[in-house]
Amino acid sequence: MSKKILYFSGSWCAPCKVVLPLVKEAVKKYKVDLEVYDTDRDNDLAIRSNVVQLPTIIRMVDGMETERLIGLHSKYEIEKFVSAY
């Protein structure tokens with residue numbers, strides 16, 4: 001089973017700057033791959049992924065989205081989301 005977290009943010013997004021270190025810590029703890037995308041640079045992928053709010057965290061299993069978490073969340077909520085495979 002291939003597990004991956006996609007993280008969409010913007011350089012201008014204050015909540016994104018708070019959430020990214022928490023996501024990085026969680027993926028390291030639970031040994032999950034992480035791909036980070038800036039919606040300004042990776043706009044086409046953000047559009048194809050239906051990202052409309054930031055930050056957006058998408059949990060992927062075998063290339064398929066299983067769930068997404070949008071907005072500012074606590075460390076506990078992010079760890080729960082990342083670990084829920």
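This note walks through the sheet, the helices, the disulfide and the salt bridges of a predicted model.

1. **The sheet.** Start with the strands. Four of them form an open sheet, in the order β2-β1-β3-β4. The pairing is mixed. The edges are β2 (33-38) and β4 (64-70), and each of these pairs on one side only. From one strand to the next, the twist averages 20°.

2. **The β1 and β3 pair.** Look next at β1 (residues 3-9) and β3 (residues 56-61). These two strands run antiparallel, and six bridges join them. For a landmark, find Tyr7, which stands opposite Ile57 in β3. In general, strands of a sheet pair through backbone hydrogen bonds, either parallel or antiparallel.

3. **Helices on the sheet.** Helix α1 covers residues 14-30 and lies across β1, β2 and β3. Its direction is at about 170° to β1. Helix α3 (residues 75-83) also packs on the sheet, where it touches β1, β3 and β4. The direction of α3 makes about 175° with that of β4.

4. **The two sides of α3.** Which residues of α3 are buried? They are Ile78, Glu79, Phe81 and Val82. Seen down the axis of α3, these buried residues fall within an arc of 160°, so they line one face of the helix.

5. **The disulfide.** How many disulfides are there? The count comes to one. Cys13 is joined to Cys16, with an S to S distance of 2.4 Å. That value passes because the cut-off for a disulfide is 2.5 Å. The torsion about the S-S bond of Cys13 and Cys16 is about 80°, so the disulfide is right-handed. Both Cys13 and Cys16 are buried.

6. The structure has six salt bridges. One of them pairs Glu35 with Lys4, and their closest N and O atoms are 3.1 Å apart. Glu35 is in strand β2 and Lys4 in strand β1, so to speak distant parts of the chain, 31 residues apart. Glu35 counts as partly exposed because its relative accessibility is 26%. Lys4 is also partly exposed, at 27%.

7. **Salt bridge between helices.** Lys29 and Glu79 form another salt bridge, with the closest N and O atoms 3.2 Å apart. Lys29 lies in helix α1 and Glu79 in helix α3, so the pair ties together parts that are 50 residues apart in sequence. Are the two partners buried or partly exposed? Lys29 is partly exposed, with a relative accessible area of 48%. Glu79 counts as buried, at 13% relative accessibility.

8. **Salt bridge of Arg41 and Asp38.** The side chains of Arg41 and Asp38 meet in a salt bridge at 3.9 Å, N to O. This pair qualifies because the cut-off is 4 Å. Arg41 counts as exposed, with 65% relative accessibility. Asp38 is buried, and its relative accessible area is 10%.

Terms used:
Residues are numbered from 1 along each chain as its sequence is written. This is a predicted model: local features need pLDDT of at least 70, side-chain atom pairs count only at pLDDT 80 or more; totals for chains, interfaces and linings use all residues. Side-chain values use heavy atoms; hydrogens and water are left out. Buried means under 20% relative accessible area, exposed over 50%, partly exposed in between (1.4 Å probe, protein chains only). Two strands pair if DSSP finds at least two bridges between them. Helices (H or I, at least four residues) and strands (E, at least two) are DSSP runs, numbered from the N terminus. Axes are lines fitted to C-alpha atoms, for helices over the stretch in contact, and angles run from 0 to 180 degrees between N-to-C directions. Contact means heavy atoms within 4.5 Å. The arc is that of the directions from the helix axis to the C-beta atoms.
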